[in-house]
Amino acid sequence: MVYNDALAARRTAHASGLPYIKAAELSAAMTRAKKTPERCWLGEVSAVVLQQSLRDLETAYRAFFDGLAGKRPRVGAPRFKSRKDRRQSIRFTANARWAITKGGKLALPKIGELKVRWSRRLPSTPSTVTVIRDAAGRYFASFVVETRDDRLPRAGAQASARLGPDVEIDLGLEHFAVTSDGRKITSPRFLRRAAKKLRRAQQSLSRKQKGSANRDKARMKVARAHAKVADARREFHHQLSSELVRENQAVYAETLCVKGLARTRLAKSVHDAGWSAFLGMLEYKAQRYGRTFTQVGRAYPSSQICSGCGYRDGPKPLHVRAWTCERCGTAHDRDVNAARNILDEGRRIIT
Ligand SMILES: [Zn+2]
């Protein structure tokens, strides 16, 4: 709340025509505030962390002023940080005297040593650590480290038969991805299981009475399940994107034209599939490892497929408003058939 207090002080000064409060004055005000009963808890928090909040506010103001002066793209004036935002974070820079102990614990000033479940080895000594508490009440530590771009040897020149010069992947709804070498990739079981749990938690929440204690509990459960799904999805995306980038010199990704779908119920499915996050990973990993990545959009052939039997009947000119499936004989209205297809695909993906 240091951030909000400082912001409030500046806003009040501005509104009453007083000069801009300098950072040093804010810092002094904070030190005084520690002696008041409402803010005495500040004394329990590391001073460096409090200073960091003030510095974050300075950065926000600088971006705002530079924008006004035309030195960089305009951004809005700093805003209050919401108490409703259930995600909280605290950042320790190099001079905050935090450390990783020999036993692999995280030692934080005024907090003490914390046990850490390390998700990966740090490639070099980190300069900053951010401890995040997410909406589900879980704590994470994220470190800032220096890395070099590690260019991999050219794929295709390597001995393994699985390595190829390039691959095309088709991101779809039926399968998460289909590669040009014939692999059909569905979301892994751990992700499907997490998604199922989430749906159950959501259903249970919808049955709880508003304002009841049980509803609060159910809401927490949903938040936790959400977080698990997001984690599982991220892990799957990381695994797959690393594999594709490692094994191919060039990766081309084709995706459904998502824009047209944004207004439909399918949008949620596309969102669930997390294509954009996955494509982002492919892009940065390709760059890091000296590979090529290209993204191509494609229109979903919803009007070419029989919604009855799945037979793909080939492209149809727009004036064809109705057609009969060659294989199963179902008579189709063009638009109804297309809509049915899109919906079916959308439903299939979440499983
Ligand atoms: Zn058919």
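**Charged residues of a helix**

Author: Asp 231 is partly exposed, its relative accessible area being 26%. Partly exposed lies between buried, under 20% relative accessible area, and exposed, over 50% (1.4 Å probe, protein chains only). The model is predicted: local features need pLDDT of at least 70 and side-chain atom pairs 80 or more, while totals for chains, interfaces and linings use all residues. Residues are numbered from 1 along each chain as its sequence is written, and side-chain values use heavy atoms, without hydrogens or water.

The partner of Asp 231 is Arg 234: their side chains meet in a salt bridge, with 3.5 Å from N to O. A salt bridge requires a side-chain nitrogen of Lys or Arg within 4 Å of a carboxyl oxygen of Asp or Glu. Arg 234 is also partly exposed, at 43% relative accessibility. Both Asp 231 and Arg 234 belong to helix α5, where three residues, about one turn of the helix, separate them. Helices are DSSP runs of H or I with at least four residues, numbered from the N terminus.

Helix α5 holds a further pair, Asp 216 and Arg 219, likewise three residues apart and about one turn of the helix from each other. The closest N and O atoms of their salt bridge are 3.0 Å apart. Asp 216 has a relative accessible area of 46% and is partly exposed; Arg 219, at 33%, is partly exposed as well.

In the whole structure, the search finds four salt bridges. One of them joins Arg 10 to Glu 58, at 2.6 Å from N to O. Arg 10 lies in helix α1 (residues 2–15) and Glu 58 in helix α3 (residues 47–68), so this pair ties together parts that are 48 residues apart in sequence. Here Arg 10 is buried, at 4% relative accessible area, and Glu 58 is buried too, at 18%.

Lys 217 is located in helix α5 and is exposed, with a relative accessible area of 59%. Two helices, α4 (189–207) and α5 (213–247), each provide at least two residues of the patch.
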